[in-house]
Amino acid sequence: MKTDQPNMSYVHQLSGGDRDLEKQLFEVVRKELPQEVAAFDREIQTKNFEKAAMDVHKIKHKVMLLGVAEYYYFAEAYEEELRVGINRHEDEFRRLINILQMFVAGYYCGS
């Protein structure tokens, strides 16, 4: 697992300096990430790896938005792993989820 930390640089780049758009994008991440993580947890518990892969697919886009492209490629590989019924990298993916959740919880996207 890489050591890059989440940041808002990609969101800043996408927004072209539009602070309202940055806030909107961040709020989408703040709202959807916990839902997607909960869905992932449910599917992993029931060993429904195909559906868990779909959840990873959604989460990996948050990874990219939060500026950690190297984690994106890890999530992409994990998604493919799950699609073929293998779950070797769950612990690493959970560490990634924790990093994202801590960033989202502690980041203020104010004016």
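A residue counts as buried when its relative accessible area is under 20%, as exposed when over 50%, and as partly exposed in between. Keep that in mind as you work through this predicted model.

**Exercise 1. Decide whether Phe-103 and Tyr-107 are buried, partly exposed or exposed, and classify their ring pair.**

Step 1. Start with Phe-103: its relative accessibility is 17%, so Phe-103 counts as buried.

Step 2. Now take Tyr-107, which has a relative accessible area of 21% and is therefore partly exposed.

Step 3. Next, recall how ring pairs are described: by the distance of the centres and the angle of the planes.

Step 4. Rings pair if their centres lie within 6.5 Å, and planes under 30 degrees apart count as stacked. For Phe-103 and Tyr-107 the centres are 5.2 Å apart and the planes stand at 25°, so this pair is stacked.

**Exercise 2. Describe the pair formed by Phe-74 and Tyr-78, and work out where the two residues sit in helix 4.**

Step 1. The structure holds seven aromatic pairs. In the pair of Phe-74 and Tyr-78, the distance is 6.4 Å centre to centre with 0° between the planes, and the pair is stacked.

Step 2. Look at the positions: both belong to helix 4 (residues 69-83), and because they are four residues apart, about one helical turn separates them.

Step 3. Finish with the helix itself. The 15 residues of helix 4 should span 21 Å at 1.5 Å a residue, and this agrees with its end C-alpha atoms, which are 21 Å apart. Just after helix 4 comes Gly-85, with a positive phi of about 85°.

**Exercise 3. Find the buried side of helix 5 and say what it packs against.**

Step 1. Helix 5 (residues 90-106) has 17 residues, and the 24 Å from its first C-alpha to its last is close to the expected 24 Å.

Step 2. List the buried residues of helix 5: Glu-90, Phe-93, Leu-96, Ile-97, Leu-100, Phe-103 and Val-104. These residues lie on the same side of helix 5, because they cover an arc of only 145° around the axis.

Step 3. Finally, name the partners. The buried residues of helix 5 pack against helix 2 (19-45), helix 3 (49-65) and helix 4. Looking from helix 4, its buried residues have a cover that includes helix 2, helix 3 and helix 5.

Technical notes: Residues numbered from 1 in each chain as written. Predicted model: local features only at pLDDT ≥ 70, side-chain atom pairs only at ≥ 80, totals over all residues. Heavy atoms only, no water. Phe/Tyr/Trp six-rings, centres within 6.5 Å; stacked < 30°, edge-to-face > 60°. Buried < 20%, exposed > 50% of the residue type's maximum accessible area, 1.4 Å probe, protein only. Expected span 1.5 Å × (residues − 1). Arc of directions from axis to C-beta. Contact = heavy atoms within 4.5 Å.
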